[in-house]
Amino acid sequence: MDLTTVLLLHKSSFIVGAICFFYVRWRSGATPGLGVLALGFTLLAIASTLAGLDESLHMSDDARTFWSFSLGANGYGLMAVGLFGLSRRQNSPRDWWPLLLPIVLTLSAAITPWYLNNGLRASVFNGSATILLALSGFVIARDFFQERLTARLGLSASIWVATALSALVVVGFIFLNDTPLPPRYAFFLLIICHFAVALFVLVLVQERAEEKLIRLANTDMLTGIPNRQHFFNSLPKSLGPGDAFILIDIDFFKRVNDMYGHDKGDVVLINVARTIAQSVPPSCVFGRLGGEEFSLFLCGQTQSSAFALAERIREAVNAVSLVFEGNQVTPSVSAGVALWEAGLTEQNVQKRADQALYIAKNTGRNRVELFGSNGLTSSTLAPELRSARAG
């Protein structure tokens with residue numbers, strides 16, 4: 001493949017990437033990093049265009065070479081800045097430090113004409129690209145542990161391959177007769193990597209949008225905890241020994257709405273939901289069923305452990321103190337607990353927990369009741385359960 005064709009493809013990869021980034025940013029709003037990425041790809045496209053022009057351009061060869069080098073170097077710098085912002089999902093001034101390297105190289109080229117040496121210029125340019133790509137690949141891969149999206153794997157792999165190819169170009173210019181891959185072939189493969197980077201950036205943005213929609217569909221908008229749909233979708237297909245349901249209901253919630261207004265009722269809901277969420281183990285399934293009712297599903301429980309957890313939640317909610325119109329309001333909850341037994345369905349166990357909750361609401365509230373194997377509640381349970389409740 002001749003050099004003219006390679007340069008055309010090189011320029012095209014950046015133009016396509018820049019157009020895609022600008023378009024997606026326009027459609028999706030101010031997605032962090034996309035605008036900077038688009039600007040970086042635009043500078044790289046201009047730099048590649050200048051590199052392929054001849055003396056027909058009304059610009060001296062020295063000036064054309066300088067601007068091609070400086071725009072390209074700063075384009076890779078902006079590419080790194082954009083990838084940093086995209087990965088961290090925020091626009092932060094501290095992410096702009098990768099521009100220091102291309103700025104220093106641009107200033108040094110403006111002071112002394114070392115860039116006129118083709119071999120030296122190509123080595124420095126691709127060397128700086130190697131460093132900036134390596135930094136970008138590291139950040140993308142590192143942040144995978146905070147955001148486990150598969151597009152990150154493809155994006156980081158594309159960047160690491162581009163890093164290796166840029167390094168091979170440097171090796172090829174330094175060791176002309178002893179290089180594992182001629183610079184022309186490495187340069188051509190870099191074009192494919194540029195397309196791949198643009199592709200996986202777009203896929204990452206799409207995956208994030210899909211994840212956000214799923215999260216919104218499964219989250220109660222008022223309290224921020226999982227909603228009814230998420231709770232029931234997260235339950236196992238069949239129950240077994242040790243599986244338990246805990247139903248929780250806020251006491252006298254209507255009274256708060258009537259006395260202080262629904263906005264204050266929302267404050268109570270939010271605080272109770274957060275208190276319950278902080279009190280339950282990470283392995284449990286938790287959600288707001290609707291209104292002032294919440295539900296928990298746990299595995300590996302005994303009557304004692306499930307009852308004790310419900311009691312801890314009740315005590316934690318009792319420790320919440322709110323002030324409305326100068327009056328102190330301390331919310332309380334009632335809870336019903338039921339464990340799976342042979343022959344019971346999921347609906348049967350939930351119905352038992354609901355029956356236990358009904359008893360708790362009708363025997364004083366601010367208490368926990370457990371549906372035993374004989375339909376007995378906590379008032380007639382073994383001493384260890386009563387002591388768990390007292391503790």
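**Helices, cores and a sheet**

Author: Let us begin with a pair of helices, where α3 and α4 pack with their axes 8 Å apart and at an angle of about 165 degrees. Because an angle over 145 degrees counts as roughly antiparallel, α3 is roughly antiparallel to α4. The model is a predicted one.

Reader: Which hand does the crossing of α3 and α4 have, and which residues make the contact?

Author: The crossing of α3 and α4 is left-handed. On the side of α3 the contact is made by Phe66, Phe69, Ser70, Ala73, Asn74 and Gly77, and on the side of α4 by Pro102, Ile103, Leu105, Thr106, Ala109 and Ala110.

Reader: How should I read a nonpolar core, and how many residues has the largest one here?

Author: In soluble globular proteins, nonpolar side chains tend to be buried together. In this model the largest nonpolar core has 43 residues, and those with the most contacts inside it are Phe41, Tyr76, Met79, Leu155 and Val201. The elements that give two or more residues to this core are α1 (3-28), α2 (34-52), α3 (61-88), α4 (100-111), α5 (118-142), α6 (150-174) and α7. Apart from it lies another core, of 35 residues, including Val268, Val320, Leu322 and Val368.

Reader: With which residues is tyrosine 76 in contact, leaving aside its neighbours within four places in sequence?

Author: With that exclusion, tyrosine 76 is in contact with Phe14, Leu44, Phe125, Ala129, Leu132, Leu133 and His194.

Reader: Is leucine 204 buried or exposed, and in which helix does leucine 204 lie?

Author: Leucine 204 belongs to helix α7, which spans residues 183-217. Its relative accessible area is 0%, so leucine 204 is buried. Once its neighbours within four places in sequence are left aside, leucine 204 is in contact with Leu86, Glu147, Leu149, Ala151, Arg152 and Leu155. Separation along the chain and separation in space can be read side by side for leucine 204 and leucine 153, which are 51 residues apart in sequence and 9.7 Å apart in space, C-alpha to C-alpha.

Reader: Turning to the sheet, what is the order of its five strands, and which strands stand at the edges?

Author: The sheet is open, with mixed pairing, and its order is β2-β3-β1-β6-β7. At the edges stand β2 and β7 (368-371), each with a single partner strand, so one side of each is left without a neighbour in the sheet. From one strand to the next the twist averages 20 degrees.

Reader: How many bridges join β3 to β2, and how many to β1?

Author: Strand β2 (residues 285-290) is joined to β3 by five bridges, and the two run antiparallel; phenylalanine 286 has leucine 296 as its bridge partner in β3, and glycine 287 stands opposite serine 295. Strand β1 (residues 244-250) pairs with β3 over six bridges, also in the antiparallel sense, and there the partner of aspartate 249 is glutamate 293. The hairpin of β2 and β3 has two residues between the strands, and in it glycine 291 takes a positive phi near 55 degrees.

Reader: Why is β3 described as largely enclosed?

Author: Five of the six residues of β3 (residues 293-298) are buried, so the strand is largely enclosed by the rest of the structure. Helix α10 (residues 262-279) lies across β1, β2, β3 and β6 (333-339), running at about 10 degrees to β3.

Notes
Residues numbered from 1 in each chain as written. Predicted model: local features only at pLDDT ≥ 70, side-chain atom pairs only at ≥ 80, totals over all residues. Heavy atoms only, no water. Buried < 20%, exposed > 50% of the residue type's maximum accessible area, 1.4 Å probe, protein only. Helix = DSSP H or I, 4+ residues; strand = E, 2+ residues; numbered from the N terminus. Pairing = 2+ DSSP bridges. Contact = heavy atoms within 4.5 Å. Core = buried A, V, L, I, M, F, W, Y, C linked by side-chain atoms within 4.5 Å. Axes fitted to C-alpha atoms, helices over the stretch in contact; angles between N-to-C directions. Parallel < 35°, antiparallel > 145°, perpendicular 65-115°, else oblique. Left-handed = near helix turned anticlockwise from the far one by under 90°.
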